[in-house]
Amino acid sequence: MKLLEYQAMAVMDKYAVPIQKGIVIDAKEGAAEKIKNAGLHFPVVIKAQVQIGGRGKAGGVKFADTVEEAAKLCGEMLGMDIRGHKANELLVLEKKDIKTEWYLSIMLDRCSKAPLLIFSPVGGMDIEETARTSPEKIAKVPLDPLRGVQDYVINYALDKTGADKQYKHQLKEMVEKLYRMFFDYYTMLVEINPLAVDENGRLTALDGKVEVDDNALPLLPDITAFRDKLQEDPQVIEAKKVNFLFIPIDESGAIGVMSNGSGMLMSCIDLISKKGMKIHAALDLGGGATSERIAEAVRIMLGRSQIDTVFICIFGGITRCDEVAKGACLAMSKKEASGKNLILRMEGTNKDEAAKIVAESGLPITIAEGIPNSVDTIYRIRKGA
Ligand code: ADP
Ligand code: MG
């Protein structure tokens, strides 16, 4: 579960991470009054509360010099759409004088099987650019869970990136707090970007991203209480109702992948990504690939208008491939599937019959053999070759 910025800040505040206090505005009416009564020093910054980053570049972070200007901006920004996420709430806080913007995060890294500390003195809205053009300015250090945050970790992060060593103690304290929070709250990611360095050399978290493992929610009542304010993904909800797992992956992707089982789903995702293609979403069909369920899954997947190609990978053993083929045909004969491609890879009973059903349907369905060959087929079809 991804928290909104002000929710993330509330958790960070519990750990005494230096943050800025602000107010949350959720209605145009009374916004001016609320801002005035909050006693904030102007100028202020108004920030759209959505579960994704990149708000600054999408017009979701604005500055105001007066109460009137702030209230007017609140009116304009409430309900705004940021890459598919609606801003139902805004956070208003004092604008900070920033000398430098740093990047700091701890994420669960499955490669090093440890929490991974990522630090850069060149943070802010262009952190992705920093990663591309100056990777030496980014330090990644696995944190040994038995040793915790040691001095050498901080020394290495500052040394490697050429950051000012005078911040060593402040940074270590900050990382220790985040590290505790990372474990206490079963997080997958705790990120501060920017971690602002001000004129007096103090560090303040000006943005906060926290992602909590959904499986831990029963243990975290304070986090679960935040849930009401979040917009759940319509496809995730729809899929859950019929026992499918829908996993949004990359907004900019155009491929939807579905499979019966998470292991094979991940293998498909890996191979497609390795070929340089982006996946929009994945769907785990679970067991029992009947024609109705396949058709329903494709329908949910195509609920994402960005998807132009659906890949279904079924390894069934006793699964009847003719059932799967019928489901695929049913889905692709629907209005919402027009202009879309479907690549179907299946193993199981009645495979030849399935191929016949697909061939006779005249629908834009391509049958492929094996996963690597399927990936090549997806590539070719999407290239229009
Ligand atoms: P996002 O990461 O979603 O773009 P941020 O909260 O990081 O949103 O805000 C984008 C940029 O706006 C920051 O990099 C920083 O330059 C500026 N900013 C954000 N909050 C403040 C603040 N309280 N005072 C001054 N500048 C801010
Ligand atoms: Mg940010």
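Q: Where is proline 43 found?

A: Helices (H or I, at least four residues) and strands (E, at least two) are DSSP runs, numbered from the N terminus. Proline 43 sits in the loop between α2 (31–37) and β2. The model is predicted: local features need pLDDT of at least 70, side-chain atom pairs count only at pLDDT 80 or more, and totals for chains, interfaces and linings use all residues. Residues are numbered from 1 along each chain as its sequence is written, chains are lettered from A and ligands numbered from 1 in the order in which they are written, and side-chain values use heavy atoms, without hydrogens and water.

Q: Is the peptide bond from phenylalanine 42 to proline 43 cis or trans?

A: Most residues other than glycine have a negative phi, and most peptide bonds are trans. The bond from phenylalanine 42 to proline 43 is cis, with omega near 0 degrees. Another cis peptide bond links asparagine 193 to proline 194, where omega is about 10 degrees; proline 194 belongs to strand β10.

Q: What is phi of alanine 16, and what is phi of tyrosine 186?

A: Alanine 16 has a phi near 60 degrees, a positive value in a residue other than glycine, and lies in the loop between α1 and β1 (22–25). Tyrosine 186, likewise not a glycine, has a positive phi near 50 degrees and is placed in the loop between α6 (168–184) and β10.

Q: How does one decide whether glutamate 5 and glutamate 128 are buried or exposed?

A: Buried means under 20% relative accessible area, exposed over 50%, and partly exposed in between (1.4 Å probe, protein chains only). Glutamate 5, in helix α1 (residues 5–14), counts as buried because its relative accessibility is 3%. Glutamate 128, in helix α4 (residues 127–133), has a relative accessible area of 52% and is therefore exposed. Threonine 130 is also placed in helix α4, but at 6% it is buried. Of the 385 residues of the protein chain, 49% count as buried.

Q: Which residues coordinate the magnesium ion (ligand 2)?

A: Donors are N, O and S atoms within 2.8 Å of the metal (3.2 Å for Na, K and Ca); water is not among the atoms, so sites may look incomplete. Asn193 (O) and Asp207 (OD) coordinate the magnesium ion at 2.1 to 2.2 Å. Asparagine 193 is in strand β10 (residues 187–197) and aspartate 207 in the loop between β11 (203–205) and β12 (209–212), so the pair ties together parts 14 residues apart in sequence. Both residues are buried.

Q: How many residues surround ligand 1?

A: A residue is near a molecule if one of its heavy atoms lies within 4 Å of it. Ligand 1 is surrounded by 20 residues, the closest being Gln20, Lys47, Arg55, Gly56 and Glu101. A backbone N or O atom of glycine 56 lies 2.8 Å from an oxygen atom of ligand 1, and one of lysine 96 lies 2.8 Å from a nitrogen atom of ligand 1.

Definitions and conventions. Polar contact = N/O pair within 3.5 Å; in protein donor to acceptor, adjacent residues only side chain to side chain.
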